[in-house]
Amino acid sequence: MEIRILHFYPDLMSLYGSYANVSILKRTLEAMGNSVTVERVELGGDADLTHADFVYMGAGTERAQKAALLNFSKLGDAVKAAADAGVTMLFAGNSMELLGKTITDDAGKVYEGLGLAGFASVQNKKRFVEDVYGHTDLYEDAVVGFINRCSVITGVETPLLTSMDMGHGNEGPCGPEGYHCGSVFASQLTGPILVKNPALLKVMVQAVYRHRDQECPEIPVDDYMAQGWAITAEELKARREAFLKRGLTIDGRGNGNFPQISQMTQIHSEEVPDAGKTVKSVLSVGPEDNTPAGTGNFPQISQMTQI
């Protein structure tokens, strides 16, 4: 098949290696014998979604997000029509918020969203920076990734992650996260999310084939991705269990001097193919809210960075 991918605002919405979601999807589809064209839609540019097979937007700063919204909202009717037609879409990071009814920034200014979904986002000055270990109804494997968000999203009726054991969800710690309706997928998880989660990448590929009314053949699995997911999932699960034994509850609130799950950040160790180097673990933890800085059994983030 000839497959057309639309990548919206790749220069503006490009935090956390967001482009890699498109790269790995393209590489996987090509490995299956398809011819894949990626069309970059720059800020202020027009786009024809009529014959698109996959629509993607990544994460950006809050300021970049508002610029993306200003331009993307002009295509609101076309985006809704494409979604109704079954075009597969993925919105990663804070681009998810564009799909809702409103975005309220940390100064109280309200921006109208596309209205593709009924949720509302309210941004705060406080950021939630943490690892994620969650679950989706789409497959059995755990969903892993990383979140750096400042918003609380209410009104999501069909989340992508139905539950989370670690991480800050749409409305709070360890709650449902993201959005999924039909062929539209959205999540604040980065990593990037499709690289971190081979099972979710398969879901995207299957959705593309389904939209084209084609039977999906066997999907190749990248061994490095599969190993990376397994290591990350195992380490995060073990870490959560260890913290629970020390008095943490599932919502991230604990007793004594143990840090909240939501205050914990880890980049797992993994080898980078062809780079000749190994990225070692980076572990950062912060004290409980009611613990004075620098006291207790765990240091602050600024006091502990191990490579």
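The following legends describe close-up views of a predicted model. Residues are numbered from 1 along each chain as its sequence is written. In this predicted model, local features need pLDDT of at least 70 and side-chain atom pairs count only at pLDDT 80 or more, while totals for chains, interfaces and linings use all residues; side-chain values use heavy atoms, with hydrogens and water left out.

**Figure 1. The aromatic pair of Phe72 and Phe91.** A search of the whole structure finds 5 aromatic pairs, where rings of Phe, Tyr and Trp (its six-membered ring) pair if their centres lie within 6.5 Å, and planes under 30 degrees apart count as stacked, over 60 as edge-to-face and the rest as tilted. One of these is the edge-to-face pair of Phe72 and Phe91, with 5.9 Å from centre to centre and 65° between the planes. Phe72 belongs to helix α2 (residues 62-72) and Phe91 to strand β4 (residues 88-92), so the pair ties together parts that are 19 residues apart in sequence. Helices (H or I, at least four residues) and strands (E, at least two) are DSSP runs, numbered from the N terminus. Both Phe72 and Phe91 are buried; buried means under 20% relative accessible area, exposed over 50%, and partly exposed in between (1.4 Å probe, protein chains only). Ring pairs also link Phe8, Tyr9, Phe72 and Phe91 into a cluster.

**Figure 2. Helix α1 and the glycine that follows.** Helix α1 (residues 19-31) contains 13 residues. From its first C-alpha to its last, α1 reaches 19 Å, close to the 18 Å expected at 1.5 Å a residue; the expected span is 1.5 Å times one less than the number of residues. Which residues of α1 are buried? They are Ala20, Asn21, Val22, Ile24, Leu25, Thr28 and Leu29. An α-helix has 3.6 residues a turn, so residues three or four places apart point the same way. After α1 comes Gly33, whose phi is positive, near 95°.

**Figure 3. The salt bridge between Arg4 and Glu39.** The count comes to 9 salt bridges, each being a side-chain nitrogen of Lys or Arg within 4 Å of a carboxyl oxygen of Asp or Glu. In the bridge between Arg4 and Glu39, the closest N and O atoms are 2.6 Å apart. This pair links distant parts of the chain, with Arg4 in strand β1 (residues 2-8) and Glu39 in strand β2 (residues 35-41), 35 residues apart. Arg4 is buried, with a relative accessible area of 15%, whereas Glu39 is partly exposed, at 31%.

**Figure 4. The salt bridge between Asp53 and Arg212.** The closest N and O atoms of Asp53 and Arg212 are 3.1 Å apart. Asp53 lies in the loop between β2 and β3 (54-57) and Arg212 in the loop between α5 and α6, 159 residues apart. Asp53 is buried, with a relative accessible area of 3%, and Arg212 is partly exposed, with 29%.

**Figure 5. The surroundings of Phe54.** Phe54 is found in strand β3 and counts as buried, at 1% relative accessibility. Although Phe54 and Arg4 are 50 residues apart in sequence, their C-alpha atoms are 6.7 Å apart in space. Leaving aside residues up to four places away in sequence, Phe54 touches Arg4, Ile5, Leu6, Leu25, Val87, Thr88, Leu90, Met204 and Val208; contact means heavy atoms within 4.5 Å.
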